[in-house]
Amino acid sequence: MSEYLLKIDRLSASYGDDDIVKDVSCGITPGEIVCIVGESGSGKSTLIKAIHGMSELRITGGSIFFGNEEISSLTVKERKKLMGSEIGLIPQDPGSSFNPIRKLSAQFREAMAGHGMAYDEDRIDGLLKKIGLQQGKAVLGNRPFELSGGMNQRIAIAAAMLFEPRLLLCDEATSALDVTTAGAVVDELLKIRESRGTAILLVTHHLGIARRMADNIGIMKDGRLIEYGNTEKIFDAPENEYTRKLIRDVPRLKK
Amino acid sequence: MKKKKAKLRKRVIIAVVFAAILVLIATFSGVLAPNDPYATNSELIRQAPSAAYLFGTDNLGRCVFSRVLIGARTTIASTFFLVAVSFLIGIVVGMLCGFYGGIVDDILMRIADLMLAFPQMVVAIAVAGILGGGLGGAMIALGITMWTSFARLARSHTLSIKNEPYITAARLQGKSGLQIMMTHIMPNILEPVLINALTQIGTTMIGISGLSFLGLGVVAPQAEWGSMISEARAYIQIAPWAVLFPAAATVITIVVFNYLGDAVMEYRNAE
Amino acid sequence: MTILSGKDLNKEYVNRDRSVRPLQHVDFELNQGEILGIVGESGSGKSTLLKVISGIEKPDSGKLYHMGKEYTGQGPEKTGKFLQMIFQDAYGSFDPRMSMERSLKEGSDESREEILRVIGEVGLTEGLLGRRPRHLSGGQCQRMSIARALLSHAGVLLCDEITSALDVTTQAQVIKLLMEIRDKERISIVLVSHDLALVSMICDRIMVMKDGIVVDNGETAKVISEPSSDYTRKLLESVITV
C-alpha cells in the first residue's frame, strides 16, 4: 500500500444533532487528484470543512491523518498553522477569502507575514503568470471587488500556492464561474499538479469536471461515500444505481 | 442555537405578560380606581399614603392612586392610538414610494429627511406650542415626525422585495400595482415594521408625558402622569408621594414596553 | 408559424460614465411548438433579452410582435396573457407567505379539477398544494411554477436558467418535463442557459449571444457541428462533459 498524504478514516462530522458526514473513509497519495462528487445535501462540502477544521463543525467519529499526524484532534489554533503552509484551500466563492475593499497587495503582505514570510512581489507575479495572469503586478494594485470572478479565483489559487502546500482542497472551485473560465481554471489546476506534484482533493457536483481531472472518484449521497474507485471504472462500470443515474443525467452535447 | 432561541422566547413571553397587565390596568382603571380621581376635598389636602388613599392625596385632596390609574388610560391609550396612526400612514406612504418610485418618492422622502434633521422633541415642542395645549395637539406634534421612521422602513423593505420573482410573476398574472401591494408586499413587510412600532411605544410615552409636563399636552384637570408630576413638583418637599408615584408609573411602563420591543426584535433577529 | 418575434432590439444601461449595451440589434423568432435556446455567459445579454421579450423591461428601440401584432412597450400585466416566465430562483417565484394553492389560483379562475389535472401533469401531487414554498424541494417548486404558467393558458414559456440552481438529477427531470408539456400542450418555449450541452439536448434552434450581440443562430445540429463564429467554437471547446 502506498503512503497516504491524507487519510480519512471512518469520519463522521456534524453541526448539531445529526451527522452530515457519516462514516467516510478515503485517502490521497502525494500528487494524486481525488474528486468527491455529490448533489446538494450530500455532505461533500462538509467533508472539506472537516479536513480544513472549521470551528463550528464537530467531528463525532473517526479521524483524519495528514502524513503521520492525526489532525482531527488538533485544536483550531494548531490546525490553523498547518493550513496554508501544508494544506491550501480554494473556496467556491473566491470573494469570501478576500476582503473586497482592500488592495490585494496588502492582503498578500498580511498573509505572508502571518506565515513568517517576507513580502515578495516578484514571486507572486511569477505565480500569477503561471496561471495565466500576465499583468500580475498591476492586478495586485486592485481591490477584489474591481475584478471578475474568474480573475479572483485565479488569484485565490495563486494565494493558495504561495506557501507550496502539499495538498490543495477545492470546494466547488469552478461552479461560480462562467463555462469558458471554468475550463481555464481546471487546466490551471492540472498544470499545478503536473509541475509541483501537489495533491488535489476537489469537491464538485459536476461529473464532467471530475472525469477531466480525477485519478480517483468518490460518490457521496446523504453523507455516505457510496462508491469509490478509479475514474475509468466509475464511468465504465459503475456499481451503484445512484452513480449510474448521476452519470446518465449529465447533459451531453448532441451532435 | 436552539437554547438561545428558547431563552429569547421566554423573555418575549415575560415582556408580553407585563405589558398585558399594564394594558389591562389601563383599560379597567375606571373600575379599579377606589376613589373619584377628579373629586377635590379641602379636608384631605396632601395626605400621606394610607389604607384609604394608597398613594396619598395631592394639593387639591384628590386621590393620587386613582389619578395614576386613570392617567394610565390617558397615556397608554393616546400612545397606542398615535403609534397606530403613524404606523398606518408610514406603511402606506413607504410602500407607495418604494413600489412606484419616481418624483413622488423623491418629494415624500425629502420631507421625511427634513423631519429627521431635527431632534423629535424639538420639533414636537415647536409644533405643540403653535397648536396650543391639549392632548390632540401633542399627538399631532409627535406624529408629524414619527410616521417618517415607519415610512423609511416600509420603503426599504418594499424596495428589497419588489424585484423578487414572485412579484414579477404576479404582474404576469395580470395583477395591478395596488393588488400586488395589498396581497404580496404588505403581508411581507408587515412584520419588521410592526416590530419597529413596538419599539416606538416607550419613546412615544416619554414624548406625551414630556409634553404634558411642559404644559404643552394634557390640560388640567384631566389626569396624565406628566402633568401630574409637573403640578406636584411645586410642593415636592411637603408631599413627595404626589410626584413619586406618577413618576414611578411612567418609568415602569416605559421600561416594560421598551423591554417588550427589544425582546421581540432580538427574538426575530435570532432566526 | 411564428408566434413571437423581435426586430432590431436595442438596450443600453448608462451608469455614470460607464455604459453597458446588453442588446445590440438583436432579432429573434420563435415558432409555434418550438424550443429556442439562448446561450451565453454572464454579461452576454441573454437574461436582458428575456426581460425585454416579457415586457418587464422596455427596449430602447426595436419592435416586438406576438402573432404578427406589435406589443412593444406593453408591461407584464398585458403580456402575461400570452407569455409566462419561469425563473432561476424557484423558491423566490412564490410568495413565501402563501400556500401553493393560493399562488396557483392567483391568476386563473380554473376549477379545482383543472388545477389537479395540471399538478398531475407536472408530476406533483395534491398533497403539496397546501404547502408554502420553503416546504418544497427546489425541483418541486420549479414544477409548481411550470404548473402556474400552464394554468394561465399562455402559449409561450420563457425560462431563465431554470435548472442552474438544481441538482443534476433534478435538472434532468425538469428538462424532460419541459419537453413533455411542449408536446402535450403545444406551447412554445424560450430556454435561456449558460449550459450549451443542456441546450443542445432539447432545443430545436440555438442562438448564441456575446456582449449583447447574436453571434450564432440556427438549427441546433448546425450550430453544434458547424458553428459560424469563433466564440461558439470556444464555447463548444469549453463544454466539460462525461
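Tutor: Helix H7 (179–196), helix H8 (207–213) and helix H10 (241–249) of chain A each supply at least two residues of the side that touches chain C; helices (H or I, at least four residues) and strands (E, at least two) are DSSP runs, numbered from the N terminus. By class, that side of chain A has 10 nonpolar, seven polar and nine charged residues. Here Ala, Val, Leu, Ile, Met, Phe, Trp, Tyr, Cys and Pro count as nonpolar, Asp, Glu, Lys and Arg as charged, and the others, Gly among them, as polar.

The model is predicted: local features need pLDDT of at least 70, side-chain atom pairs count only at pLDDT 80 or more, and totals for chains, interfaces and linings use all residues. Residues are numbered from 1 along each chain as its sequence is written, chains are lettered from A and ligands numbered from 1 in the order in which they are written, and side-chain values use heavy atoms, with hydrogens and water left out.

The contact (heavy atoms within 4.5 Å) takes 26 residues from chain A and 26 residues from chain C. Between them the two chains bury about 2,400 Å², 62% of it on carbon and sulfur atoms; buried area is the accessible area (1.4 Å probe) that two parts lose on being put together, summed over both. Eight residue pairs, both residues at pLDDT 80 or more, are found in polar contact across the interface of chain A and chain C. A polar contact is a pair of N or O atoms within 3.5 Å; within protein, one must be able to donate a hydrogen and the other to accept it, and residues adjacent in sequence count only if both atoms are side-chain atoms.

In chain A, Glu164 has a phi of about 45 degrees although it is not a glycine, and A:Glu164 is found in the loop between helix H6 (149–161) and strand E7 (167–171). In chain C, Met67 has a positive phi of about 50 degrees, and C:Met67 is found in the loop between strand E4 (61–66) and strand E5 (69–70).
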